[in-house]
Amino acid sequence: MHNRPQEEVGVNEASIIAEIVDGTIADQERDYKPGSLARRDVHSKSHGSFTDARVRILDRVAPGNIGLFGKSGYYFGASVRLSNGAPGTGPDILPNVRGIAIKVHGVLGDKLLVGDEQADCCDFLLANHPVSFHRHLEDYPPIRDLMARGKVGQVLRRFKPEGRLLLKAVLKLVKNPLTIDYYSQTPYMFGDRAVKYALIAQQRSSFFSLPNIFDGAYLRHAAEKLLRKQAVRFTLCVQFQQEGEPIEDPSVQWRGRLIPVAVLEIPRRRDDNPLLESSGEALSFNPWRTLPEHRPLGWVNRVREAVYRADFTWRTNKNAGGTAS
């Protein structure tokens with residue numbers, strides 16, 4: 001038997017999250033240049049987005065056939081966005097986390113995201129490192145502030161455990177964003193149990209190939225080159241929580257085996273149109289845009305719900321010529 005996952009919400013959590021939202025939007029306003037494209041606070045730079053992807057639910061999935069994964073053999077349409085994790089659009093060779101966001105379309109049922117309950121999609125957000133460098137909600141605002149001001153050295157000195165985790169995450173040589181594995185880092189409900197997600201690439205970059213470090217957008221160009229040759233597939237897996245593995249600390253790596261539940265396919269590109277860095281800006285991804293059976297867990301996801309919604313409202317209004325709320 002297993003126990004239903006338990007979250008721990010601190011008495012000051014709401015005020016800390018409000019502080020994070022205010023700081024995020026203030027940074028957005030500070031850095032925004034009128035007339036330019038208003039970008040996401042994080043994962044600002046895209047390596048391309050794809051609206052013709054699809055997700056196939058495997059016939060034999062994890063115990064319970066829960067929610068989205070209860071439709072064995074079913075194909076869903078999907079949109080995918082590849083990105084660098086840090087703010088800004090600097091060269092790809094700079095230390096960075098790489099991310100993938102997936103929007104699965106045609107999913108019936110009420111969603112958890114307030115104001116978007118009738119959405120017909122579910123969102124998944126993953127990064128190319130199995131754990132987050134964030135450990136405690138109370139430390140998030142000062143770390144966020146230092147990172148936003150480019151004071152990474154101070155983060156490494158003042159927050160040593162987080163700093164070590166950050167370095168492990170960003171100092172990975174990535175040759176192609178379509179040939180690496182991605183992880184949710186944070187947990188989610190899977191019926192009455194908790195899981196983390198992993199997205200395992202079915203194709204790999206050659207060991208002997210090296211990226212063109214003088215090309216500031218080499219990751220986008222590598223993805224484009226691969227997709228002109230072939231379709232790309234990933235296996236989506238769940239990893240069930242084991243005894244003693246925390247819900248509220250996403251810096252701890254879980255140890256359970258990965259169980260395949262679906263396959264993500266990005267089709268081969270058959271036209272000559274290049275991938276655009278700014279594509280996908282109109283897309284909104286939020287882990288709370290999902291079914292109750294897949295409810296996000298932990299403080300990082302509770303922060304995301306508020307910050308991502310505020311960030312999307314801000315940049316949508318800016319890009320539409322309005323005033324951010």
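Lysine 33 is exposed, with a relative accessible area of 59%, where exposed denotes over 50% relative accessible area, buried under 20%, and partly exposed the range in between (1.4 Å probe, protein chains only). The residue is placed in the loop between H1 and S1; helices (H or I, at least four residues) and strands (E, at least two) are DSSP runs, numbered from the N terminus. Between the C-alpha atoms of lysine 33 and glutamate 224 the distance is 29 Å, at a sequence separation of 191 residues.

The model is predicted, so that local features need pLDDT of at least 70 and side-chain atom pairs count only at pLDDT 80 or more, whereas totals for chains, interfaces and linings use all residues. Residues are numbered from 1 along each chain as its sequence is written, and side-chain values use heavy atoms, with hydrogens and water left out.

Helix H1 (residues 13–31) packs against helix H2 (residues 140–148) at an angle of about 10°, and the two axes are 10 Å apart. Axes are lines fitted to C-alpha atoms, for helices over the stretch in contact, and angles run from 0 to 180 degrees between N-to-C directions. H1 and H2 are therefore roughly parallel to each other, given that angles under 35 degrees count as roughly parallel, over 145 as roughly antiparallel, 65 to 115 as roughly perpendicular and the rest as oblique. On the H1 side the contact is made by Ile16, Glu19, Ile20, Gly23, Thr24, Asp27 and Arg30, and on the H2 side by Tyr140, Pro141, Arg144 and Ala148; contact means heavy atoms within 4.5 Å.

The buried residues in H2 include Tyr140, Pro141, Ile143, Arg144 and Leu146. Their cover includes H1, helix H3 (152–158), helix H4 (160–170) and helix H6 (299–319). Glycine 150, which follows H2, has a positive phi near 75°. Helix H6 also holds tryptophan 314, which is buried at a relative accessible area of 1%. Tryptophan 314 and serine 132 are 182 residues apart in sequence, with a C-alpha to C-alpha distance of 26 Å.

Most residues other than glycine have a negative phi. Histidine 43, a residue other than glycine, has a positive phi near 55°. Histidine 43 is in the loop between H1 and strand S1 (46–57) and is partly exposed, with a relative accessible area of 22%. Glutamine 185, likewise not a glycine, has a positive phi of about 70°. Its place is the loop between strand S5 (182–183) and strand S6 (188–190), where glutamine 185 is buried at a relative accessible area of 12%.

Side chains of opposite charge can pair when their charged atoms come close. With a salt bridge taken as a side-chain nitrogen of Lys or Arg within 4 Å of a carboxyl oxygen of Asp or Glu, the count comes to 23 salt bridges. In the pair of arginine 295 and glutamate 7, the closest N and O atoms are 2.5 Å apart. This pair links distant parts of the chain, 288 residues apart: arginine 295 is in the loop between strand S9 (259–266) and H6, and glutamate 7 is in the segment before H1. Arginine 295 is partly exposed at 29% relative accessibility, and glutamate 7 is partly exposed at 25%.

Aspartate 27 and arginine 30 are separated by about one helical turn, because they are 3 residues apart in helix H1. Aspartate 27 is buried at 9% relative accessibility, while arginine 30 is partly exposed at 45%.

A salt bridge with an N to O distance of 3.3 Å joins the side chains of glutamate 281 and arginine 81. Glutamate 281 is in the loop between S9 and H6 and arginine 81 is in strand S2 (residues 75–84), so the pair ties together parts that are 200 residues apart in sequence. Glutamate 281 is buried at 8% relative accessible area, and arginine 81 is buried at 3%. Salt bridges that share partners also join Glu7, Glu13, Glu248, Arg295 and Arg302 into one network.
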